[in-house]
Amino acid sequence: MSARLVKRCLHLPLHMPAFGRLQRSSRAPAVTKPAAPDVSVFAAFFDKYRDSEEDVIEADGIQRLCVDLGISALDPVTLVIAHRCRAKRMGVFTREEFVSGMAALGCENAEKLRARLGELRAVLNDTVKGKEVYCYSFHFALDQGQRCLPRDICIELWKLLLCDHFALLDRWIAFVEERAKEMIPQDTWMMLWDFSVEVSSDLSNYDPDSAWPVLFDEFVEHVRANPKEGVPAVV
């Protein structure tokens with residue numbers, strides 16, 4: 001090919017077929033993006049249970065949702081659902097929290113959410129994911145301005161969240177009811193999960209020199225001094 005012909009081809013008009021073929025062959029193949037979820041269906045799910053006066057789901061709406069899900073409002077899976085929605089206050093879902101949470105779960109109605117309850121409940125049995133829900137629950141249950149949780153609320157939450165992890169849960173609750181202060185601080189709450197999964201039920205591997213709260217040291221001393229229910233005294 002002569003130099004003149006090469007130069008002429010480089011100056012072909014854009015509508016010429018030769019140029020069009022060259023241009024198409026140099027393009028990267030188009031990538032099809034997945035369609036964004038239709039937020040309106042999740043908003044309709046929210047509206048089914050929202051309060052009649054405020055744009056939130058409160059106690060009555062949560063109770064109706066639980067009925068449709070076939071669970072009790074005290075079922076610990078409700079805490080997993082709240083965690084997935086990043087709800088900030090116990091007993092309340094804002095529109096943004098509920099819609100974004102249900103969109104992330106892909107559940108636009110109670111039937112689809114009910115179908116995922118087994119998967120969500122299994123989170124509580126996982127020591128890593130379960131701990132996330134456990135830690136979240138402390139802040140979730142706090143009233144505005146609070147830094148500690150009332151003892152009775154902690155006890156009810158421990159019954160829900162630690163029943164499958166803490167062999168000494170009943171003894172811990174009895175001890176706390178008798179010995180602990182009315183308000184439970186955050187460090188006690190957070191470290192109880194680690195205590196429940198790391199320390200053996202006979203307390204033989206409990207290290208008092210580790211950075212456990214003083215209340216834990218006192219609990220271990222109490223159990224060792226009063227062995228029962230298969231927990232031997234460890235010298």
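**View 1. Leu203 sits in the loop between α12 and α13 (214-225).** Helices here are DSSP runs of H or I with at least four residues, strands are E runs of at least two, and both are numbered from the N terminus. This is a predicted model, in which local features need pLDDT of at least 70, side-chain atom pairs count only at pLDDT 80 or more, and totals for chains, interfaces and linings use all residues. Residues are numbered from 1 along each chain as its sequence is written, and side-chain values use heavy atoms, with hydrogens and water left out. Leu203 has a phi near 65°, a positive value in a residue other than glycine. Most residues other than glycine have a negative phi. At 0% relative accessibility, Leu203 counts as buried; buried means under 20% relative accessible area, exposed over 50%, and partly exposed in between, with a 1.4 Å probe and protein chains only.

**View 2. Arg86 also has a positive phi, of about 55°, although it is not a glycine.** Look for Arg86 in the loop between α5 and β2 (93-94). With 53% relative accessibility, Arg86 is exposed.

**View 3. Phe195 and its partners in the largest nonpolar core.** A nonpolar core is a set of buried Ala, Val, Leu, Ile, Met, Phe, Trp, Tyr and Cys residues joined through side-chain atoms within 4.5 Å. This core has 67 residues, of which Met102, Trp158, Trp172 and Phe195 touch the most other members. Both domain 1 (38-125) and domain 2 (128-225) give residues to the core, so it lies between them; the domain bounds come from an automatic or database domain assignment. Not counting residues up to four places away in sequence, Phe195 touches Phe166, Leu203, Tyr206, Trp212, Phe216, Phe219 and Val220, where contact means heavy atoms within 4.5 Å.

**View 4. Asp194 is a residue of helix α12 (residues 186-198).** Is Asp194 buried or exposed? Its relative accessible area is 16%, so Asp194 is buried. Beyond its neighbours within four places in sequence, Asp194 is in contact with Lys131, Val199 and Trp212.

**View 5. Helix α11 (residues 169-179) and its cover.** The buried residues of α11 are Leu169, Arg171, Trp172, Ile173, Phe175 and Val176. What covers them includes α10, β4 (183-184), α12 and α13.

**View 6. The largest pocket has a volume of about 520 Å³.** On a 1 Å grid over the protein atoms alone, a pocket is an open set of points where a 1.4 Å probe fits, with protein on both sides within 12 Å along at least five of seven lines, and lining residues have an atom within 4 Å of a point. Grid points are joined across faces, edges and corners, and the volume is the space filled by probe spheres set on the points. Of the 22 lining residues, Ala73, Leu74, Thr78, Leu79 and Met90 are the closest to the centre of the pocket. The helices α4 (59-69), α5 (77-85) and α10 (151-161) each supply at least two residues of the lining, and the largest share, 5 residues, comes from α4.

**View 7. Cys148 and Cys154.** The sulfur of Cys148 is 8.9 Å from the closest cysteine sulfur, that of Cys154, which is too far for a bond. The structure holds 0 disulfides, a disulfide being a pair of cysteine sulfur atoms within 2.5 Å. Cys148 is partly exposed, with a relative accessible area of 26%.
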